[in-house]
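Could you look through this structure with me before we discuss it? I have set down some points in plain terms for a first reading.

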Amino acid sequence: MTEPIDADPPFAAPAEEALRDLLARLSPDDKLRLVTGEDVWSLPEMPHIGLRKLRMSDGPVGVRGTTFDAADTSIVLPNPSAQAAAWDPAVANRFGSLLGAQARDKDVHILLAPTVNMHRTPLGGRHFECFSEDPLLTARTAVAYIEGVQSQGVAATVKHFVANDAENERMTYDVRADARTLREVYLAPFEAAVREARAWLVMSAYNSVNGDTMTANSPLQNDILKDEWGFDGVVVSDWMAVRSSEPAFLGGTDIAMPGPADLWGEPIRRALAEGRIDEAVLDDKVLRVLRLAARVGALGDFRAPAADPGLPAGARDRIRALTTRTMVLLENPRGSLPLDTSALRRVALIGPNAIRTSAQGGGSATCFPEHVVDIAEGLRSALAPETELTVRAGVFTHRKLPGINRGNSTDPDTGTPGFTLEFRAADGTVLASEHRLGAQAIVWPGLYPESTRVIAMRTRLTPQRDGDHLLEVLGLGTMTATVDDTVHTLDLGAGAGDVGENLMRPPLTHIPVTAQAGVPLDVELVHTADTDVLVASVGLGWAPAPPDDDTELAAAVADAAAADLAVVVVGTTEDIESESFDRTGLALPGRSDELVARVAAANPNTIVVVNAGSPVLMPWRHDVAAVLWAWLPGQEGGAAVAEVLTGAAEPGGRLPTTFPADEADVPLLAHDPVDGVHHYAEGSAIGHRLWALRGAKPAYPFGYGLGYTTWDYRDLRVEGDAAAGLTVTATLANTGARPGREIVQAYLEPVDGELFGAPEPPRLVGYAAVDADHGHTATVRITVPPHTLARWDPAADAWRIVPGAYRLTVGGHVANTRGTATITL
């Protein structure tokens, strides 16, 4: 086994001998308690050895904390694909540092992020939560992000180990992949996270790989992760991923979450007593937990520095500036962007996502910002005061109504904005209650009294206008919703097969309500469990009854025709891009495409902003004046979009994944396992490399993105060899009229096009960002270390650099060759 990695914590940590002394003071029961959660989010404290409670929180765009309610606010950053779109480790590092600082403020020791699974197919439900389709870009972004988080004395958790690249049947599917595919693509970001960033935790996935569930996959977790890579941190299971006792305990998983975990209680105690498990296996797990506690300052006197109150001053400004670095300009054929705001007398802002901007995706990554700057707010602030701005949805694409908000709801018990959430016994006795601000409650064992069989939400709702409204009810099974004295009995059905989907995207229905402005309505929603274990998601929504799509669409077209500029904002929602289910197609929801086409026909000066985290089809992309891809841009997204549209900031992003023109062109679109198995038959060529092998032409290639200036590439040089690695340099001249930023990308391929007797398409081996003022030049330097040049040799079952002649190209994206050199390795 290799030597343990020194994680260089930002504060003093005890030597291994001291940790072993503490280990010796723990009883067998103490040790078993430390390898399962005390509850949903924490490991237990043990005062007799100075161990404080270790708290975990979901990420990766914010630090939600240990509650799932809007009262516990967090910053919300752009989605991880957007972070990778900056193609700049410094940006990812700053995002990570912000999250680490907030985690410490919330007394959270462990951030359950980043996700480094791959963009294997654009239909992946968690595509938005992963960095890229390319292992090198994913690895470089993840390393910087992890270093940022851990610089604050907070542990990052790289997940989900490994090949957890789809959501449908995620608990049970088996991935079949050969060693080269795993090594070069799916394991590569994890290896970088461990060897380079020295991540303190790895999360084991739900799925199986080559027949073994990941929590019990000893060849991957013990042999590769711990022994070969020297990982001395903690392997924590994904929540409920441990589904065996001895196999998982011996398979490399160190902590079973959430807890207490029955499978690791009495069964492991018996196995230890009967000698089927050596006590050294348990001791190794506990020692890893103690080492983690020391690193995050939760053990003895080895505390992390005291957290500053709140985030650093100017955090919102920093987030906004970083967010502009993620945005990708896809089309600008007539130079319509940046906008000349002085010439605009009337602007029509149209689109469902203009009014309800999707700041983030759905699932466990969900956080609750204090405020989201939507695109309507951001654009209004950026335009001249005298410019008239009209705002209209145009079409309705959101599955859910807006949640009841703090402005129109009052907790009937406290008189403050929000709800009372009650936990009741089967006979109706109230066992506990708590105040909630959010309109959706997710309940889970360990979060309520054991005898709870009923949950109820109560609020006093004050309508803000007269007329017909809709009360939305979310949940599973039979429920009752009472509005004043009127009781509605509802059966919302059994939901989906996946418990995660039932929690994140429960069924819903609408109750028509005629209301008067200012006249309160008492609303109660009651859900009764049909099993002994209560796992539920219930919620309420409220909105005036909307006009039909035809009426709204006609009004939007009229607004556009009367304006100097139309800005159409279309995209996805948290009910389309989320954990627990994959997407069913790449088209925008509802009548979004029709909206864009009709607005563009009415006003040739139409700019489209796409608010989505994963690729969508854009059949109108050549019929509009410009297209800006804004991602799921986080809390400052609207302000960042406005800065890019008006030229206050450069669109700094480049695509971290290939965008198709048509679903039929996508070389790997299927997302459902066949007989429970995902066959990774594409081998080590995924993403842009698979597009190259299949010969299909995408709408926008990997690495693509436009700026507001032009560049001339000069003096390409490649130096070095296989032993030392390569150094690629080039001079770039900004030949445009304003300052700009270019992402220079280097790709390598065998001159004869083959490796190990098979076609070998170009692969990304390095990249660097360059900034220059107009009329100025800058030198870019890209370092390609030897391990990046190496390939996994199936015959030798080892890494090696294959000798031969190679072609190295540099340019602005994978299909943009601005310089070429031939080298021999």
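The numbered points below go through confidence, a helix, a sheet, some single residues and the cysteines.

1. Basis of the note. This is a predicted model, in which local features need pLDDT of at least 70 and side-chain atom pairs count only at pLDDT 80 or more, while totals for chains, interfaces and linings use all residues. Residues are numbered from 1 along each chain as its sequence is written, and side-chain values use heavy atoms, with hydrogens and water left out.

2. Confidence. The pLDDT, which is the predictor's confidence in each residue from 0 to 100, averages 94 over the protein chain, and 97% of the residues score at least 70. Over residues 1-9, however, pLDDT stays under 50, and for this stretch the model has 23 contacts beyond four places in sequence, where contact means heavy atoms within 4.5 Å.

3. Helix 14. Helices (H or I, at least four residues) and strands (E, at least two) are DSSP runs, numbered from the N terminus. In helix 14 (residues 375-382) the buried residues are Ile375, Ala376, Gly378 and Leu379; they lie on the same side of the helix because they cover an arc of only 165 degrees around its axis, the arc being that of the directions from the helix axis to the C-beta atoms. Buried means under 20% relative accessible area, exposed over 50%, and partly exposed in between (1.4 Å probe, protein chains only). The elements against which these buried residues pack include strand 13 (346-350), strand 26 (565-571) and helix 18 (637-646). At the N-terminal end, helix 14 is capped by Asp374, with a side-chain oxygen 3.2 Å from the backbone nitrogen of Ala376.

4. Four strands, in the order 8-7-5-29, form an open sheet with mixed pairing, and its edge strands, strand 8 (212-213) and strand 29 (677-679), each pair on one side only. Two strands pair if DSSP finds at least two bridges between them; strand 5 (residues 174-176) and strand 29 run parallel and are joined by three bridges, and the partner of Val175 in strand 29 is His678.

5. Glu742. This residue lies in strand 32 (residues 740-750) and counts as buried, at 8% relative accessibility. The side chains of Glu742 and Tyr713 are joined by a polar contact of 2.8 Å, a term for a pair of N or O atoms within 3.5 Å; within protein, one must be able to donate a hydrogen and the other to accept it, and residues adjacent in sequence count only if both atoms are side-chain atoms.

6. Backbone geometry. Most residues other than glycine have a negative phi, and most peptide bonds are trans. Which residues are joined by a cis peptide bond with omega about -5 degrees? They are Gly259 and Pro260, and the bond from Leu337 to Pro338 is also cis, with omega near 0 degrees. Ser580, although not a glycine, has a positive phi of about 90 degrees and is buried at 2%, whereas Asp675, with a positive phi of about 55 degrees, counts as exposed at 75% relative accessibility.

7. Cysteines. A search of the whole structure finds zero disulfides, each being a pair of cysteine sulfur atoms within 2.5 Å. Cys130 is buried with a relative accessible area of 5%, and Cys367 is buried with one of 2%.
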